[in-house]
Amino acid sequence: MKKGNNSNGSINSPFRYAGGKFYARKLILEHIPHHSCYCEPLVGGGSIFFAKEKVKRNILNDLDEELMNVYRFIRDEPENLIRFLEGKPAKKELHHYYKNIFKPESELDRAGRWYFLNRISFSGIMNNQNCYFGYGDKFSMRPENWPRNILRTSEKLHNVELYCEDFESIIDNAPDGSFLFVDPPYFNADQDKFYTCTFNYEDHLRLRDVLRRNSNRLLFLLTYDNSNELWSLYDWAAEIHEREWNYCINRTDDQKTKVKRKGERYKGREIFIFNYKSNTQPYLWQSAK
Ligand SMILES: C[S@@+](CC[C@H](N)C(=O)[O-])C[C@H]1O[C@@H](n2cnc3c(N)ncnc32)[C@H](O)[C@@H]1O
C-alpha cells in the first residue's frame, strides 16, 4: 500500500478548498448507498470523491475552468505539472508574482499557476480579491511533498470523467441509477468571495428543479446550510437531517486581517437532504479514514 493511501484508495483532496467537506466526510460517507455510477456536479475540491472508493463510472464536474484544467493536468500529465512546480519555494514574493504578474501562455502554465497559488493561499481561496498568501511550514503541505500528492491523485483520477459545465446538463445527463453527491455554495451566505463562479438565488431554484425532475431515476445526497426556505424548497425530498460536526483548524496566518490563530475549534452545521432512505445499508462508511 502506498503511503497516504488507504487500502480502498481513500486519499485527501489535492487542493485546499473553501467550503470543502473534508471534516464532514465520515458523516457523509456513512449515508452513501450502493451505486455503480458516482457523480459530483459541483465538485470543487472533491473531498468526498477522494475519500470514497471509486466505482465503475465516476463523473466530476465544476463550472470553474481553472480548477477543471488542473484536474485534467493531474489526471493526464502529472509529470508536466510537477516539472512546472519544481524548485518553486512557497514564498510570499512568489505568491505575489504568480497572482499578479505572471502571464500564462499555455494550459500547463494556467494549471501550474493555479496549483501553486492554491497550495500556498489562505484557506485555498482562489477568488482574486480574496486570494492571500497563507503558507506555513508547520501547517501546510511542503512543496517537496507536492509531487507525491499529484502522483497519487493522478492514480485516483485515472479513467474518471471530468467536465466543465453548468450543473444542470450534468444532472440531466447522469446515467439512470447514478448516485449524486451535491454540494452547492451556501444558500444564505455570501460565498461569492470564495469561488470564481457566482451562484445566485435563481441557481438554487434551478438546482432544486433539476434534482426534482430527475428524482425518480437518480439517488442524491444534497448538503446545504440550514435555512428555513430550504426546508420548504425540498419538502418533496425523502428525508432532511440536521447534522453537526466539530473540527479544529491548526495555526493559520490570515494575511488580510494579520491575525495569527492557533488550533481554533469550529462547529460545522448543515442539513443533509436525501431522496432515498438514509438508513439503507451504508456502502462505504467502514472505509472512511
Ligand atoms: C461548496 S463548493 C464544493 C466543495 C466540495 N464539495 C469540496 O469538498 O471541496 C461548490 C462548487 O460549485 C461550483 N459551481 C458554482 N456554480 C456552478 C455551476 N453553475 N455549475 C457547476 N459548478 C458550479 C463552484 O466553482 C464550487 O467549486
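Helix 6 is mostly covered, with 10 of its 14 residues buried. A residue counts as buried if 20 or more other C-beta atoms lie within 10 Å of its own, as exposed if there are 12 or fewer, and as partly exposed in between, with C-beta atoms placed from the backbone. Helices (H or I, at least four residues) and strands (E, at least two) are DSSP runs numbered from the N terminus. The structure is a predicted model, in which local features need pLDDT of at least 70, side-chain atom pairs count only at pLDDT 80 or more, and totals for chains, interfaces and linings use all residues. Residues are numbered from 1 along each chain as its sequence is written.

Helix 6 spans residues 107–120 and reaches 20 Å from its first C-alpha to its last, close to the 20 Å expected at 1.5 Å a residue; the expected span is 1.5 Å times one less than the number of residues. Its buried residues include Trp-114, Tyr-115, Phe-116 and Leu-117. What covers the buried residues of helix 6 includes helix 3 (65–76), helix 4 (78–85), helix 5 (92–101) and helix 7 (146–157).

The chain as a whole has 10 helices and 9 strands, and buried residues make up 34% of its 289 residues. Two residues are in contact if their C-beta atoms, placed from the backbone, lie within 7 Å. Among contacts with a separation of 6 or more, 73% join residues 24 or more positions apart. The average pLDDT, the predictor's confidence in each residue from 0 to 100, is 89, and 88% of the residues score at least 70. Over residues 284–289 pLDDT stays under 50, and the model has 19 contacts beyond four places in sequence for them.

A nonpolar core is a set of buried Ala, Val, Leu, Ile, Met, Phe, Trp, Tyr and Cys residues joined through C-beta atoms within 7 Å. In the largest such core, of 57 residues, Val-70, Leu-117, Ile-171, Ala-174, Leu-180 and Leu-221 touch the most other members. Helix 6 gives the largest share of this core, 6 residues. Beyond its neighbours within four places in sequence, Ala-174 is in contact with Cys-39, Ile-59, Leu-180 and Leu-218.

Around the ligand there are 21 residues, of which Gly-20, Leu-42, Gly-44, Gly-45 and Ser-47 come nearest; a residue is near a molecule if its C-beta atom, placed from the backbone, lies within 6 Å of it. The shell has 9 nonpolar, 6 polar and 6 charged residues, where Ala, Val, Leu, Ile, Met, Phe, Trp, Tyr, Cys and Pro count as nonpolar, Asp, Glu, Lys and Arg as charged, and the others, Gly among them, as polar.

Some loop residues also deserve a look. Most residues other than glycine have a negative phi. Ser-123, in the loop between helix 6 and helix 7, has a positive phi of about 55 degrees although it is not a glycine. Ser-123 is partly exposed because 18 other C-beta atoms lie within 10 Å. Asn-159, in the loop between helix 7 and strand 3 (161–163), has a positive phi near 65 degrees, and counts as exposed because it has 10 C-beta neighbours inside 10 Å. Lys-193 lies between strand 4 (179–182) and helix 9 (201–213), in a loop. Leaving aside neighbours within four places in sequence, Lys-193 is in contact with Asn-127 and Asn-130.
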